[in-house]
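Let's take a walk through this protein together. Please have the sequence and the model open as you read.

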Amino acid sequence: MARCEQTLSNQPGEIQALSQAAWLFITAHKEDHILFLTDIQEHLLAATNCMSHATVVACDNKQPSLAIGLALSMATVLEQLGNVYHTRESHDWYERAMNIVVNHTNSSGSGVSSMEWVRCAVKLADCKIKLHLFDGALKFYSNCAQCSSTELINH
């Protein structure tokens, strides 16, 4: 379906089809886990590939907020799956969201605020703590506090 939308140059339809496919693959992965098929990561890999492509299409379509939302939701779902492997994967998705924020904050007219960066940084720092990367978490929390206080002073 997403390829059909891509052929028609319908980026919003393509993003919707890709994200819907990702959620269906996540559901299939959870069902595999219920059936004790925990070694099979095929559905999870397909989900991350679909969502990755959806974030790229959203960025290309000048919708960084949508791309950030997709990346954060994928990170949250991976984190909720509950083991260290999934937490590392969610860490990568939080970093992806941070990169989208940074790349689109510097460009003019994107609509991505510094508070969006703070939101992503807090999520990433929380994930770093779960992975026992305390120095990295402290760095992000410090930057968040600095950014938040600067934002409050400016308004």
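Predicted model: local features only at pLDDT ≥ 70, side-chain atom pairs only at ≥ 80, totals over all residues.

Residues are numbered from 1 along each chain as its sequence is written, and side-chain values use heavy atoms, with hydrogens and water left out.

Start with the overall layout. The protein has 7 helices and 0 strands, where helices (H or I, at least four residues) and strands (E, at least two) are DSSP runs numbered from the N terminus. Read from that end, the order of elements is α-α-α-α-α-α-α. Of the 155 residues, 41% are buried; buried means under 20% relative accessible area, exposed over 50%, and partly exposed in between, with a 1.4 Å probe and protein chains only. The accessible surface comes to about 9,000 Å², and carbon and sulfur atoms hold 57% of that surface. These areas come from the Shrake-Rupley method with a 1.4 Å probe, and for residues only the protein chains shown count as cover. Contacts (heavy atoms within 4.5 Å) also tell us about the fold: among those between residues at least 6 apart in sequence, 57% join residues at least 24 apart.

Now turn to α3 (residues 42–60) and α4 (residues 64–81). Their axes lie 7 Å apart, and the packing angle is about 160 degrees. Axes here are lines fitted to C-alpha atoms, for helices over the stretch in contact, and angles run from 0 to 180 degrees between N-to-C directions. The two helices are therefore roughly antiparallel, a label used for angles over 145 degrees. On the α3 side, the contacting residues include Leu 44, Met 51 and Cys 59, and on the α4 side they include Pro 64, Leu 70 and Leu 81. By class, this contact has 14 nonpolar, 2 polar and no charged residues; Ala, Val, Leu, Ile, Met, Phe, Trp, Tyr, Cys and Pro count as nonpolar, Asp, Glu, Lys and Arg as charged, and the others, Gly among them, as polar.

Next, look at the loop between α3 and α4, where Lys 62 sits. Lys 62 is not a glycine, but its phi is positive, near 60 degrees. Its relative accessibility is 74%, so Lys 62 counts as exposed.

Which residue has a positive phi of about 65 degrees although it is not a glycine? That is His 132, found in the loop between α6 (114–130) and α7 (134–154). His 132 is exposed, with a relative accessible area of 59%.

Technical notes. Parallel < 35°, antiparallel > 145°, perpendicular 65-115°, else oblique.
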